Each structure stands twice: as structure tokens, then as C-alpha cells.
Amino acid sequence: MVVPAGSLVFAFFASGLVLLATGHDPLGSYRQIFDAAFVNTGALGQTIVSATPLAFTGLAAAAAFRMRLFNIGGEGQLYIGAITGAAAGLYFGGSGSSSAFAIAAMVVAGCAGGAAWALIPGVLRAFFKTNEIITSLMLNYVAGYLLTYLVFNTESYWRQTTGFNATVFPTGKPLPASAVWPEATVHVQGGIGLPLGAGIAVLAALVLWVLYRRTRFGFEVQVLGDSPRAARYAGMRTRRKILAVMAISGALAGLGGASQVGDFRHTLDADPNGMRKQYYGYAGIVVAALGRYNPLAVLLVAFLIGGLQNAGNTLQGADFPSGLVGVIQGLILFSALGGELLVRYRLRLVRRAETPAAAVEAA
Amino acid sequence: MADAGTQVIGRRGADGAPPSSAVEMRGITKRFPGVVANDRVDFEAAAGEVHALLGENGAGKSTLSNILTGLYRPDEGEILVYGERVQFASPRDALDAGIGMVHQHFRLVEPFTVAENVVLGDHRGEGRSFRLRRRAIERHVAEISTRYGLHVDPRARIWQLSVGEQQRVEILKALYREARILILDEPTAVLTPQEAEVLFATLREMANEGRTVVFISHKLHEVKAVADRVTVLRGGRSIATVSTAEATQRSLAALMVGREVATTERVEQATEKGDVVLELELCSVAGERGPAVREASLTVRSGEIVAIAGVAGNGQRELAEAIAGIRAPVEGLVRVRGRALRPGDPRAAIAAGVAYVPEDRLGTGLAPSLSIASNLALKAYREPHVSRGPLLRLRAIRERAVELIARYRIAAPGPHAQARQLSGGNLQKVVLAREFSARPQLLVAAAPTRGLDVGAIESVHAYVREAAAEGMGVLLISEDLDEILALADRIAVMYEGRIVGEFDARAADVEEIGLAMAGGHDPRQD
């Protein structure tokens, strides 16, 4: 607990130095960030909007990393979940089914898409011992190109083909009204909206927590993550576990993608300056690392980092360094991982031994 | 073997004057978190003697020698080499001061040749030139090799050599560097009795030249056989330094343990030997580098303790893993109580009643970061009283752990403590507690007392005997012939993957067994 907190302190300290170097007032800037993230009117609502995808990808990374399965493919799994989720939403939303059914279908489709995409590196790792870091990472690019292809390069199901705008610039088809995910209004700060995705993320975190702490499945994951040899010795089915955990991880990220479509963008957003520029998948890894892969802590961290993101978006301007948020985030990750070193080893300062003169005297 | 032109260093005075000190360690203290490994230890070894450092596992011998070779720095105390105060910042400084060490776990590069390993890291002589002068090095190595009777082909690659030969390479490394003080850490752990004899002769030869040999061991009869003097360590402190001529095994044991202890004696078990519990039929198992076990056949009956003797690396581990289901045999069958086990399926073996205590306790037998309670439930977590459906009964797991910790007297802060915090002896107790409480038909124990102190060794031996008394079949795999002779009913010897001999333990002849362990080859005739 001390180490992540210490990392944050160090990160802010280091960023403060950067600010000073560029002629800004660190404490003032930090105050601005805090206000923009949590205090100003409507800030909390925006923060939740930023935090929701981070919660999903953070949970996805935590679920896998807990077992030392380094699923770096959260980004791609999120895209695929967005694709499958959007497909379900477009289809069921337009076909006259009830809103609840359409939304449920989107949730299921998002999970399924993400899980399937994650199973590719999963199968390769389980059966061929291929390094999942590389395979999952590469698939991120594939997913990105698929996204581009579906909206920019073809007249696909996802693409908007009618209307004036369609001829000018390719966009995704808007989601039918019945497939748009609802929001609950909370009367704080003049009324903020709690998107359905946020609620699902909290639920997912709880389920994940119970799964990993209280079930046989979770026990096996613990053992496998700690010592694959001990797991095999004890008769645990390693390959099945790898597939299951990758699927869960991918499903969570895919759910994040469906949430992006259903909660916020209401379309399949393939714009290179839109969903893709946010790098939710990679940010999720930072979130998971800071939360030490504990699902409940991940929620909290996602909220905080979401606040940071929100502040960065809101404050960008001539008088506020636009890259600062990115710098702080990077420093946080760097310090969090560097902090691990302090957890594992104890630094000791050793005095150099006595001088030779003293030795001669003693002899 | 040594010719008259050998340089003699610091030999004893001809008039019987006391030998000059080659190395002296005064007041050495070394602390690690939670333990004082060396507590104001004094140690002194003279030129021209073989000086043994005796102590049970955990007494601080390895720490002391690691300080002497520059791997650790002492928190307090000083080291003098040939009367001069020295400070080692790294092993290289120690090597330059003439201190060479042969570690228990060899530091050799397997794909390299003997010559390449010997010259590795050497910054004098042939090692200095930019080009590798192979032939010059090989010639030099061959010279040293013949001079000391350490026969090994300088051009052979390490992985091709037997463990005994690899140890010779380690000694050659030290001699090549002209080490005047040679430290050997438990060197006979990997040797057959005959190879140990040859080693002792070599060490005596080196001492006669004026070198100092420090011999670290916990085996009393070896210390008596090879050393001139022995320093006993206990609990991190130096207890006494005695001349081996005047000490007996019994007196040394008492010094080592601090109480009167019976030297490992054979206890005859009057257990009825029942039905066959384990049957291996022409089992062949592949290892990482080719066939490890070749057509091995063996039976173990209920109530019987069958031991597999042999130097480590002759297929014992692969055999144990095949029985436990971790490795699938490429040929042959493993039968437990008559039923063939599904190959390569640990769960099937566990269900059939096979308990396995692996030699790699912390790496295979336990999950180090998990709690003791979790480790105790490692195999039992599927059972109904520990889990209800998919959910674990955490309280049942904890209660079971508390009970087992009490019953097996495991010294631990509590059931929630991490496994890796426990000492070697307690780790082994956790593994044994878990395996025993599963009421197995067959207990396979691989090197169960390796690295344990005398008290823990006694406990483990007691459990093994108890297992047999309760009707389990026990397969004991060990490199320690003394242990095998004390416990086993029957002894099978493994060499290069084959079972090359079976002996009745009561009528066992150590000579014969030792020869079988070396594949029939007597190293004394080299």
C-alpha cells in the first residue's frame, strides 16, 4: 500500500519539476487539475465518462496479469468488442426488439468479441508456448486496421451510407435509439449521469474479486501465477486455465468496447482521432499495475486516472501545458513499476571499510 | 604425482614449529534479515593442512566461505591472508589473493569446453591475449590435470562430462589460478564412495605441497578421513577447533549438534511386507537432453522402503516424475495397486494414491508466495470438505492448516504466513504434512533431507519409517548412502537411467553399491 502511494507522490514531485522547468507553477497547476477533475460543476460526471473505459481495460489487464499472463492486447480486444457490440446494437436496435434485449445483446456480443480475440494469443500460449505479449500486441494492430477497413474502406454494415455527410467523410452508422445505453442521474454537482457501463464495470469488479478470492478457479489461478510447476505437480489443468483467463480478460476489454459504442459514442468510432487515440487498452495496464491487480483497487485507480484524463482534456489551452497529463501518467507508471524494486529488495547503505592507515596501526 | 620442481609455499618449519597461518578470520559477523548467519566467528587455517569446517545445515559454513571468497561482505570482523589484512570487494579480489572455491553447485558453462571454462574470466597469462590461444591453454590444463591426477579431457564439453568429472574441472579452475587456499563446499555430495576416496587423495597431495585446503562438510566420517584439524560451527558461532586425530565421530557430533546424538543407525522394522503397491514395467522416460530412464523395472510392496541410490543426474528425478504423473513415459507402464496409471496426468496419480515429495521443495512442491494454509490445501482443495461446489471453504482450509501445523510441529507465525518465509526444515514438514494427510498408498520421496539440519533430518526419517509402518509403500530416492543404509529394506542403484543392481539392505556392501553407482567403473584405478 505504501509503495503505490509513494509512487504517486514521487510522480507528482517529478512532474512538478518538469512544470517548474517550463515556467509553470506546480501547485497552482495541480490545484487546477484537481478542480477540473472532481470539483467543478459537472466534473464528476465527465470523470466517470473518462474512467469507465479505463475500469474495463484495467480489470481486463488485472484479470490476466494476476496469473502472469501478460495480455497486452486489451486495446485490440476493446476494438473488436466495439465492432461486435455495434453490430448487435445496429441489428437488434433496428429490428424492433425491446431496448433491454438490444442492450443485453450488445453486452453479450462485446464480451464474445473481446474473448474470441483474446483466445488467439491464448491458444497459441496454451498449446504452443508462444509468448502472449508479442501475439496480443500484434493483434492490436490487426484490430485497428480492421476497424479502419470496416468504416473507411468498405460499404460495410457498420458504415453510414445515407445522408449528406456520408458522401463527404466516412463515418459509422448511428446506433438506433433503442440500443443506446441508459444513464442514471445522480443529484450531485447539479446532476451528473452514471452511465450503464460504469455500473457494469463495478459489477464486473465485484464478480472478479469473488472469483479470484473465493473460488476453486481463483485458487488455481493463484497457484498457476505463483508457480506453474507447483500447479502441474498438484494436478491442475494449466492449459484450460490459460484459455479461461485469457477469455475473461478479453471479454472485459470487449465489454469496454461495447460500452464505448453504447454509452458514449453511439456509433462505431473508427476515427483515428477518436476512440483510438485514447489508447484505453494501454492505459488500462497502467491502471491495473497501480491497483496491484486487485479488482476493487483497479476501480479506484481508474476513477483517479479518469479524473486526470478529464482534467487534461478540459484544461488544454494556451496557458496549460497540453502534454502534461501524458507526462504525469507516464511518470506514475514508471514510478509504480520502479516502486516494485523497493518492495522486493531492501536498499542498504554500507560504509566503506576503515582506511589502510588504521589497519597498519592495528596490526 | 607432484614433481620435485613444484613451488612450495609456506611449508611447516622442519623443526616442528607451528605452521604459519594461511588464512585467518577474526570476529566475523554477518547478518541477514531475521537471522545472524555468522556471529563473531573465528577461523584459522594453516598452510599445508586440510582443515575441515564442520556444522549441520544452517550452521553458517556456507556463509563463512562465501565471505572468504568475496561473495559477501562481513558486517564486522576482519580477514587476514598470509598475515596481511585484506578486503574483498568481489570474488575477483579473492581470486587474486589466491583463494579459490569449488562450490556445491558448479559454476560452469555447459556448452563450453573444459579448457574454455578453466580460462574463463582469467586476466593473467593465456587469458590476457585477445585471441583465444586454444592449444596453449589445453596444454596447460592437461599439465595440471596429470600432475594432480584429475583426469579430464581439456577439449570435452561440460555437458558431456559426469558430475564427478565436472567437479574435477572446478578444482582445475582453482589450480590454474594458482590458488594457494582452496575451499571445497560439500564436495562429496555428488560423488560415489570411490570417487570420494580419489578426491581425498588429491586434497592430501595439494596440502603436502603447502597449499591450504578448507573442506566444508556435515559428514563426520569424511572429516575424520581427510582433515588434519576441524572447526565446528553451530548456530552461527564457532564452537571449537580440534585435531581430528584426537576427536571421535561421537565427540564431533556432540559439538556439532550441542547434544548427544545417535549416529545414523539402522533400525530394523518388523513390518509385514504386503501386496505390491508400485510396479514399474520397463519404463523409459525422456529427459530434457535425451533419454533419462531406460527400461527400468521395479516393485515396491506395502510396508516396504525401497531406496534408489545413485549420483544425482542419472535419471532419478525423471523416474520420480513419471510415477507422479508429471512426466509421461515414452514406453512402459506405471502400475499402482495393479492398475496402470494414465501417463502424464498428475491428477490420475494423485487419485490413485501416489504422494510425491519432490527434491525441489520451493520450486515444485510449494507455491512460495501463497500462505501455508493454501499450500497445505494444494492438492486437497477439490475435496468436498474443503470446497463446496465452485466456492472454497476458507475457514475449513484455515482450520485444517492450524491442525496440521500443530500435529507436525511446523514452526511458523501462523497459517497465513507465506511459505517462502519458512526455513528448509519447516518447508519440508509442510510438504510431508500435506502428502501424509492424504493417506497415500505410495510415498515417493526425492532427496527429502537435503539441506536440513540434524533435528529436521531425524523428524523426516521418523516420518518415513512411520509411513512404512502404517502400510504405505515408500520409494526413497537419495544421494546420501548413509541415509539409505539406515532406512531402506531394499536398495536399487540407478546409473545412466538403468537400474544396475538391487541389494538387500541388511546384507549391503558399500563397496559394491559404490561401484554400481559409478557404472562398474572404479576411479581408483585411473
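1. In which sense do strands β7 and β8 of chain B pair, and over how many bridges? Residues 181–185 (β7) and 212–217 (β8) of chain B run parallel, with five bridges between them; strands count as paired once DSSP finds at least two bridges. B:Leu182 sits opposite B:Val213 of β8(B).

2. A quick note on what we're looking at: this is a predicted model, where local features need pLDDT of at least 70, side-chain atom pairs count only at pLDDT 80 or more, and totals for chains, interfaces and linings use all residues. Residues are numbered from 1 along each chain as its sequence is written, while chains are lettered from A and ligands numbered from 1 in the order in which they are written.

3. Helix α5 (residues 163–176) of chain B packs on the sheet, touching β6 and β7 of chain B (contact: C-beta atoms, placed from the backbone, within 7 Å). Its direction makes about 175 degrees with that of β6(B) (axes are lines fitted to C-alpha atoms, for helices over the stretch in contact; angles run from 0 to 180 degrees between N-to-C directions). Helices (H or I, at least four residues) and strands (E, at least two) are DSSP runs, numbered from the N terminus.

4. Helix α6 (residues 193–208) of chain B also packs there, touching β3 (50–54), β7 and β8 of chain B, at about 145 degrees to β8(B).

5. Back to α5(B): 12 of its 14 residues are buried, i.e. 20 or more other C-beta atoms lie within 10 Å of their own, all placed from the backbone. Among them are B:Ile171 and B:Leu172. The cover includes β6, α3 (114–119), α4 (134–148), β7 and α6 of chain B.

6. Just past α5(B), B:Glu178 has a positive phi of about 55 degrees.

Notes
Two residues are in contact if their C-beta atoms, placed from the backbone, lie within 7 Å.
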